[in-house]
Amino acid sequence: MFLYSLNESFLERALPSSLKSYCKEIKVQKIGFNKIFKNLLKNLFYKKPFQVSYYYFNRIQKDVLLEINRFQPDVIICQMIRTSEYLKNYNMAPKILDYVDLLSEGLKRRIPNSNFFFKWLLKIEYKRVLNYEKEIRNYFDKLVIISEEDKKYFCKSDDPKINVIENGVDIDYFHPKTAEKEFDIFFNGNLSYPPNIDATQFIVNKIYPELKKIKPDIRILIAGANPKKKLFKLSNKNIVIKGWIEDVREYYWKSKIFIAPMQIGTGLQNKLLQAMAMRIPCVASELTVKGLSYGAENVVLVAKTPSDYANLIIKLLDDDNFREDVARRGYEFIQKNYKWENVIQKLENIIQETINNKK
């Protein structure tokens, strides 16, 4: 396998050493912020999504084609529409586009809560991305999307070209462990990503005040890569904000409850899978649970309002038997539905089918 990756600020630590054992070659192309800005500015007058223009450069286009011709792959997998433009007109090998989740639906959900300028910008981008997602599908042999929920947004009827492959979790790595609990609640994710920033603010500004009324000593941990400076300002004696950590399992093991109060965004939350695999009870929004397999509503506690979150969290903290029952059901749900072996087999089947059809 040959991995070709684009990154605006490549860090060696962001590339797991284990990944190298799966790849014959890895090439990371660093793209500068100055050139990105020029790309975005130029694209104001075109209809291509900013999501795509952000990553598209003529010099990289030439290099991608050179590497493909040198490596001669049996199949090409393109992750997200952000990189699909590079493979759009290449037809010498079968191609699979992995949408992951629908960017258009995520943008749509961000519009109502944005200020005037960003609301105007997001509306433009939403229309562009929506059109591009529909158009780019015609250039690929197979399409992959992360959940049945996202597939419903993408197409109203069943389409054999579109395949749902949910994420998996390494249950040997993310495993339960008895440890001293330093925190009552834990939330993690990329803290420069708008849905996670929004969820962090929701925890601090909405849920925490409700909890503090009953449990003034409640301890909350929020952690993730690239935290925005404004998030550190939300910390206090009860709320700890942390950045990058080499082994995020340490934070899970130190926490009693995991919450995922996502208000915007789409797709499947890996953080939720990891928490359940580590036998930690989870409280999440309806939006978060929608991305999971059928039956998730019976294993993840669903909350709508800040009061709902507070009541469920307090019940979990005060009732050890209830907390263990929710944790057990989540753990069994992961064992049944999200083992990597099953997910990988689905992908392998699609890859082989794509190659055979092209031949």
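A residue counts as buried when its relative accessible area is under 20%, as exposed when that area is over 50%, and as partly exposed in between, with a 1.4 Å probe and protein chains only. This is a predicted model, in which local features need pLDDT of at least 70 and side-chain atom pairs count only at pLDDT 80 or more, while totals for chains, interfaces and linings use all residues. Residues are numbered from 1 along each chain as its sequence is written, and side-chain values use heavy atoms, with hydrogens and water left out.

**The whole chain**

Start with a cartoon view of the protein chain, which has 15 helices and twelve strands. Helices (H or I, at least four residues) and strands (E, at least two) are DSSP runs, numbered from the N terminus. The radius of gyration is 21 Å, close to the 21 Å that the globule rule gives for 359 residues, so the protein chain is as compact as a globular protein of that length. That radius is taken over C-alpha atoms, and the rule is 2.2 Å times the number of residues to the power 0.38. Along its principal axes, the C-alpha trace spans about 60 × 45 × 40 Å. Of the 359 residues, 50% count as buried.

Select V100, found in strand β4 (residues 95-100). V100 has a positive phi of about 65° although it is not a glycine. Is V100 buried or exposed? Its relative accessibility is 19%, so V100 counts as buried.

Now go to Q72, in the loop between α4 (58-71) and β3 (76-79). Q72 is not a glycine either, and its phi is positive at about 55°. With 56% relative accessibility, Q72 counts as exposed.

**Helix α5**

Next, select residues 103-110, which make up helix α5. Six of its eight residues are buried, so helix α5 is largely enclosed by the rest of the structure. The buried ones are L103, S104, E105, G106, L107 and R109. What do they pack against? Show α3 (50-53), α6 (116-136), α7 (148-154) and α12 (286-290): the buried residues of α5 pack against these helices, with contact meaning heavy atoms within 4.5 Å.

Rings of Phe, Tyr and Trp (its six-membered ring) pair if their centres lie within 6.5 Å; planes under 30 degrees apart count as stacked, over 60 as edge-to-face and the rest as tilted. By this rule the count comes to 15 aromatic pairs. Select F186 and Y252 for one of them, an edge-to-face pair with 5.1 Å centre to centre and 85° between the planes. The two residues are 66 positions apart and link distant parts of the chain, with F186 in strand β7 (residues 183-188) and Y252 in helix α10 (residues 249-253). F186 counts as buried at 1% relative accessibility, and Y252 counts as buried at 0%.

**S285**

Finish at S285, in strand β11 (residues 282-285). S285 counts as buried, at 4% relative accessibility. Which residues does S285 touch, not counting those up to four places away in sequence? They are A260, P261, M262, Q263, V302, A303 and Y309.
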